[in-house]
Amino acid sequence: MGLFRHAMVQLGNGLAMIGGFGNDKSHSKIHLLSCMNRNCSISTLSQELSVPRYWFLAIPIPDTIAGCISGGKKFKKGA
């Protein structure tokens, strides 16, 4: 599948390719490009954008700030 006008950000040791345009439609999928010892693979993550989009800006936010993945800061409601 050809994909263009997507956003890319570092995710762990790979690159996340987010959204984009291909096959005459915008996409909500998130693909992960990872390479080890010059062997590269692309996989599709289970998470998706809530709205398909292309030509947008993606900025990675560290887990310690976002608090939405294990290991992030925990916030209590009303505290």
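The charged end of R5 sits over the ring of W55, 4.1 Å from the ring centre, where a charge counts as sitting over a ring if NZ of Lys or CZ of Arg is within 6 Å of the ring centre and within 35 degrees of the ring normal. This is a predicted model, in which local features need pLDDT of at least 70 and side-chain atom pairs count only at pLDDT 80 or more, while totals for chains, interfaces and linings use all residues. Residues are numbered from 1 along each chain as its sequence is written, and side-chain values use heavy atoms, with hydrogens and water left out.

**Aromatic rings**

A search of the whole structure finds 3 aromatic pairs, where rings of Phe, Tyr and Trp (its six-membered ring) pair if their centres lie within 6.5 Å, and planes under 30 degrees apart count as stacked, over 60 as edge-to-face and the rest as tilted. Two of the entries are tabulated here.

| Pair | Centre to centre | Angle between planes | Class |
|---|---|---|---|
| F4 and F21 | 5.8 Å | 70° | edge-to-face |
| Y54 and W55 | 6.3 Å | 45° | tilted |

Ring pairs link F4, F21, Y54 and W55 into a cluster.

**Sheet**

Four strands form an open antiparallel sheet in the order β1-β2-β5-β6, strands being DSSP runs of E with at least two residues, and helices runs of H or I with at least four, numbered from the N terminus. Two strands pair if DSSP finds at least two bridges between them. The edge strands, β1 (7-11) and β6, each pair on one side only. β1 and β2 (residues 14-18) pair in the antiparallel sense over 5 bridges, and A7 stands opposite I18 in β2.

**Salt bridge and loop**

The count comes to 1 salt bridge, defined as a side-chain nitrogen of Lys or Arg within 4 Å of a carboxyl oxygen of Asp or Glu. E48 forms a salt bridge with K29, with the closest N and O atoms 3.1 Å apart, and the pair links E48 in β6 (residues 39-48) to K29 in β5 (residues 29-36), 19 residues apart. E48 is partly exposed at 41% relative accessible area, and K29 is partly exposed at 35%.

S50 lies in the loop between β6 and α1 (63-66) and is exposed, with a relative accessible area of 74%. S50 and S28 are 22 residues apart in sequence and 7.0 Å apart in space, C-alpha to C-alpha.

Definitions and conventions
Buried < 20%, exposed > 50% of the residue type's maximum accessible area, 1.4 Å probe, protein only.
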